[in-house]
Amino acid sequence: NLATKTCTLTIDLNETVQIDGDNIILDGNNHVIMGSGTGFGVYCNLRTGVTIRNINARGFDNGIFLNNSHNNTITNNIISFNVFQGFYLAWASENLIEGNLVSYNNGGIRFDISGWNIIKQNTVIQNGNLGLMFLASNVNTAIDNTIQGHSYAGIIFHVSSSNYANGNLITDNNRGVYFYL
């Protein structure tokens, strides 16, 4: 829909969806984006105001990757069976990640040098090593998430400060919340 800048999938895909404009809505319409063990399911670089919703991304290196992208919304997605991370955000700020199922990836949701993001009401389960990881990432908020079944930690803060976590259900992880320099 050109007027609303909404792109709605009508079929399953076997390739990366790359978003090359600002203020675009990508509605997966509950279709699958399937990879072959490399690349990204959805790739956003230098984007603002993008909404990614109703995607089922699996079989990539990373399900959804936001690089240097700000003020975006990622909601109601199923991200599973990716080689590295379900979501990977690098140099990304003021993004909302809400209501997603992130499962059976090597890592759940990772933030590198990213701040002012809100992570809420997600289910992050059985993602190998880590549920949520904040690396050199400050002033993020994680609230009301379910995080369980990770072999290293449910939430890890590495060289990160001024983050807020409240109301999260963190169970069956080797460590619940882990802080280190």
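Me: Where is Asn68 placed?

Reply: Asn68 is in the loop between strand 8 (62-67) and strand 9 (73-75). Keep in mind that this is a predicted model.

Me: Is Asn68 buried, exposed or partly exposed?

Reply: Asn68 counts as partly exposed, because its relative accessibility is 31%.

Me: What about Ile113, what's its phi?

Reply: Ile113 isn't a glycine either, yet its phi is positive, at about 50°. You'll find Ile113 in the loop between strand 14 (107-112) and strand 15 (118-120). Its relative accessibility is 45%, so Ile113 counts as partly exposed.

Me: How many residues of strand 14 are buried?

Reply: Five of the six, so strand 14 is mostly covered.

Me: Which strands does strand 14 pair with?

Reply: Strand 11 (residues 85-90) is one partner, parallel to strand 14 over five bridges. Strand 17 (residues 130-135) is another, also in the parallel sense and over five bridges.

Me: Can you give me some residue pairs there? Which residue in strand 14 is the bridge partner of Gln85?

Reply: That's Gly107. On the strand 17 side, Arg110 stands opposite Met133.

Me: Switching topic. There's an open sheet too; what's its strand order?

Reply: The order is 4-7-10-13-16-19-22, seven strands with parallel pairing. Strand 4 (32-34) and strand 22 (169-171) stand at the edges. Each of those two has a single partner strand, so one side of each is left without a neighbour in the sheet. From one strand to the next, the twist averages 10°.

Me: Remind me, how do strands in a sheet pair in general?

Reply: Through backbone hydrogen bonds, in either a parallel or an antiparallel way.

Me: OK, and how many bridges join strand 19 and strand 22?

Reply: Three, with strand 19 (residues 146-148) running parallel to strand 22. Thr146 stands opposite Leu169 of strand 22 there.

Me: Where does Asn145 lie?

Reply: Asn145 is in the loop between strand 18 (141-143) and strand 19.

Me: Buried or exposed, that Asn145?

Reply: Asn145 counts as buried, because its relative accessibility is 2%.

Me: Which backbone atom does the Asn145 side chain reach?

Reply: The backbone nitrogen of Gln121, at 3.3 Å.

Me: What else is Asn145 in contact with, leaving aside neighbours within four places in sequence?

Reply: Besides Gln121, the contacts of Asn145 are Ile119, Lys120, Asn122, Gly167, Asn168 and Leu169.

Me: What about Cys44, buried or exposed?

Reply: Cys44 is buried, with a relative accessible area of 1%.

Methods
Residues numbered from 1 in each chain as written. Predicted model: local features only at pLDDT ≥ 70, side-chain atom pairs only at ≥ 80, totals over all residues. Heavy atoms only, no water. Pairing = 2+ DSSP bridges. Helix = DSSP H or I, 4+ residues; strand = E, 2+ residues; numbered from the N terminus. Axes fitted to C-alpha atoms, helices over the stretch in contact; angles between N-to-C directions. Buried < 20%, exposed > 50% of the residue type's maximum accessible area, 1.4 Å probe, protein only. Polar contact = N/O pair within 3.5 Å; in protein donor to acceptor, adjacent residues only side chain to side chain. Contact = heavy atoms within 4.5 Å.
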